[in-house]
Amino acid sequence: MLSVKHCSKPWKLLRFVSVFQGNAVFHCVLFSKIMSKVSEVNLAVKCRPEGFWSAAEVWIKKPHVVNKRLCGVKETEYEALGSEDIGHSLARLTGIQEHELAEVFPFLQVYTADCDHKTAGSWCVGVRTIIPKVGPTCNGANLYKEIVVKDLISQAVTFLPIEETKEGHVILRKSNVYQIQLEDKAAECVLSLHALRPDHWFSDGVAYPKLSWLTAELLPKLARWAIESKSSEFKSTLSLIPVEKYSILYQELKNKYKQMVKVWPEVTDPEKFVFEDVAIATYLLVLWSEERAEKGVTSKQSFVDLGCGNGLLVHILNNEGHPGKGIDVRKRKIWDMYGPSTHLEEKAITPSASFLFPETDWLIGNHSDELTPWIPVIAGRQVISSSNLVLALKDHLISTKSSYSCRYFVLPCCFFDFYGKYQRRQCKKTQYREYIDFISEVSAACGFQTDEDCLRIPSTKRVCLIGKSRSYEEPEGELAEVRRTDYIRGRQVLHTSSTNVTQKDHSRHNHHEDGQEIPEPGREWESGFQPRERTETVRNCAALPRDLVDGVVLKVAKALLELTAEAEEEENTCSLKDTNKWNAGGSLSVREVAELLDSSTLQTLKKECGGLQTLLKNSHQVFRDGWPMELQLNVF
């Protein structure tokens with residue numbers, strides 16, 4: 001239902017928008033006040049002040065989630081003030097005399113504020129720099145700044161755009177000053193948007209969107225976020241690197257490697273994989289550039305990408321001057337297209353002393369699946385001196401050769417433990433959050449101080465973990481190795497808890513007192529790791545025996561035909577209709593279809609990706625599906 005409230009004040013109605021979100025209906029009215037020239041938009045919402053501030057912080061800190069033409073923002077520290085200090089603060093930030101801000105102060109309601117506003121901390125003032133996405137014809141130098149004024153008592157946040165002239169003077173763009181406020185009106189809360197000079201509003205389509213966009217796009221989203229008021233499980237994207245550098249470099253690499261989409265020989269989606277690897281490469285290149293600047297070095301970091309897949313990430317990093325290689329158990333078709341400057345090796349990777357990289361700066365695990373928990377271990381393994389080798393063997397250690405300065409980057413995807421699929425243990429977290437926490441735990445056990453960040457890639461699995469520094473000093477390496485090995489053994493015990501070790505084996509000389517075997521130098525660190533097969537297993541039901549597939553198809557088709565046979569026979573008996581009418585079959589749900597099959601057939605299908613549904617979809621010439629999933633015999 002649409003409705004507009006009557007108003008006795010001289011408002012001029014410009015626009016009405018009704019926004020539906022779930023069961024909630026937001027009524028959005030855009031007015032222009034003739035006398036004060038203030039534009040106001042109202043949305044009735046049911047939320048608390050903390051919900052409003054949660055929504056406002058998204059727009060302040062992450063405007064790119066709404067405005068897709070932005071890359072992000074940089075913020076200064078916010079200054080807590082009382083109302084008496086606001087004028088001085090704005091004059092200092094803008095370089096404008098206080099008397100020249102006479103039009104802005106009433107808009108902020110500084111002078112009409114109650115006594116609570118005079119208390120220090122009732123206002124917060126800071127500056128955010130808006131970073132637009134860099135276009136093909138843009139040099140990336142266009143940055144926009146806004147003074148953000150938070151009124152914590154009146155639940156309002158005001159944005160004052162400032163620009164710097166060629167002469168170096170700072171000016172306030174009064175035409176684009178606007179305010180978002182949560183107002184308590186009668187029995188309902190109203191989320192409102194006010195513009196200082198709506199008739200002079202300037203829009204460049206980037207940092208200055210149209211006023212209609214703010215009302216039709218931004219305000220409804222803020223209303224929804226205020227109601228949901230859910231905090232994210234993960235950090236904001238690109239929290240560890242400069243966003244402006246990322247934006248410029250990403251556009252450069254995107255233009256440089258976009259031709260890969262046209263020649264992509266793999267069966268995977270080229271746009272997703274090309275631009276995802278471009279984004280990951282951009283992140284690493286900026287991260288490494290910042291690391292070199294921090295350490296005061298110029299030589300580019302070396303790397304090894306474990307489980308490199310299509311090798312595009314390795315190709316980009318090699319092309320950008322970083323020495324390194326990628327290793328994967330299976331060669332891809334696209335490898336031959338990269339040329340000799342891209343170093344890729346087809347080799348099975350088994351965590352052991354033979355797979356350590358003492359001269360490598362960074363280990364990379366980009367969707368490395370079963371290798372993901374092992375990468376912090378491989379990066380963290382340390383040298384054990386020959387004099388301590390016997391003692392090390394008694395403590396279930398091995399001689400290793402990793403560098404204390406080795407760092408790692410992992411982007412977890414599929415959920416693997418050291419010895420198989422990861423088993424969930426916490427129901428209060430999402431499976432993805434729990435797995436990220438597990439890899440962080442592995443990293444800490446391996447002696448790393450771990451950072452977490454979120455990438456901007458076209459994937460739901462976007463959280464990366466980075467181990468740049470150690471939590472122990474280099475002379476403490478042997479003690480750290482003991483802790484590292486004990487942790488891995490503990491995970492192995494959890495994985496093999498159903499395996500009983502007989503007491504008589506405990507006394508054997510090559511076993512620990514708890515019955516576990518001491519590995520020989522050079523052997524795998526722990527038994528039980530299963531590397532990926534060199535030949536990729538086809539699990540889309542295409543490799544199933546033909547007799548099994550035909551048997552299932554015929555049984556389901558027969559059942560569908562029998563559903564309507566009896567009904568049609570009865571209808572034809574009572575009428576003179578054509579008895580030769582085509583029988584198109586009835587409908588069955590997937591569950592009903594499964595009940596037609598024996599247990600051995602179902603177990604075979606369960607091992608395939610998608611199982612029974614995949615098999616039936618593969619027979620699209622016979623069946624068609626809908627939602628909810630039902631199957632019908634096609635009419636030819």
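Mentor: Let us begin with Asp437 and Lys429, whose side chains meet in a salt bridge at 2.6 Å, N to O; a salt bridge here is a side-chain nitrogen of Lys or Arg within 4 Å of a carboxyl oxygen of Asp or Glu. Keep in mind that this is a predicted model, in which local features need pLDDT of at least 70 and side-chain atom pairs count only at pLDDT 80 or more, while totals for chains, interfaces and linings use all residues. Residues are numbered from 1 along each chain as its sequence is written, and side-chain values use heavy atoms, with hydrogens and water left out.

Trainee: Which residue does Glu452 form a salt bridge with?

Mentor: Glu452 pairs with Arg433, and their closest N and O atoms are 2.9 Å apart. This pair links distant parts of the chain, since Glu452 sits in strand β17 (residues 448–454) and Arg433 in helix α11 (residues 431–445), 19 residues apart. Helices (H or I, at least four residues) and strands (E, at least two) are DSSP runs, numbered from the N terminus. Glu452 is buried at 13% relative accessible area, and Arg433 is buried at 9%.

Trainee: How many salt bridges does the count come to?

Mentor: The count comes to 27 salt bridges. There is also a network of salt bridges that links Glu57, Lys61, Glu75 and Lys150.

Trainee: What does Tyr283 touch?

Mentor: Leaving out residues up to four places away in sequence, Tyr283 touches Leu238, Leu240, Ile241, Tyr246, Phe409, Asp453, Leu455, Cys464 and Ile466, where contact means heavy atoms within 4.5 Å.

Trainee: How do α5 and α6 cross?

Mentor: Their axes come within 9 Å and cross at roughly 135°; axes are lines fitted to C-alpha atoms, for helices over the stretch in contact, and angles run from 0 to 180 degrees between N-to-C directions. The helices α5 and α6 are therefore oblique to each other, because angles under 35 degrees count as roughly parallel, over 145 as roughly antiparallel, 65 to 115 as roughly perpendicular and the rest as oblique. Residues in the contact include Tyr246, Leu249 and Leu253 of α5 and Val278, Thr282 and Tyr283 of α6.

Trainee: New topic: where is Ser89, and what is Ser89 in contact with?

Mentor: Ser89 lies in helix α2 (residues 83–94) and is buried, at 2% relative accessible area. Leaving aside neighbours within four places in sequence, Ser89 is in contact with Glu79, Leu81 and Val125. Glu79 belongs to strand β5 (residues 79–81) and is partly exposed at 34%. The C-alpha atoms of Glu79 and Trp123, which are 44 residues apart along the chain, are separated by 8.1 Å.

Trainee: And where is Gln155 found?

Mentor: Gln155 is in the loop between β7 (144–151) and β8 (156–164), and its phi is near 55°, a positive value in a residue other than glycine. Gln155 counts as buried, at 15% relative accessibility.

Trainee: Last one: what does the secondary structure of the chain come to?

Mentor: It comes to 16 helices and 21 strands, and of the 636 residues of the chain, 48% count as buried.

Definitions and conventions: Buried means under 20% relative accessible area, exposed over 50%, partly exposed in between (1.4 Å probe, protein chains only).
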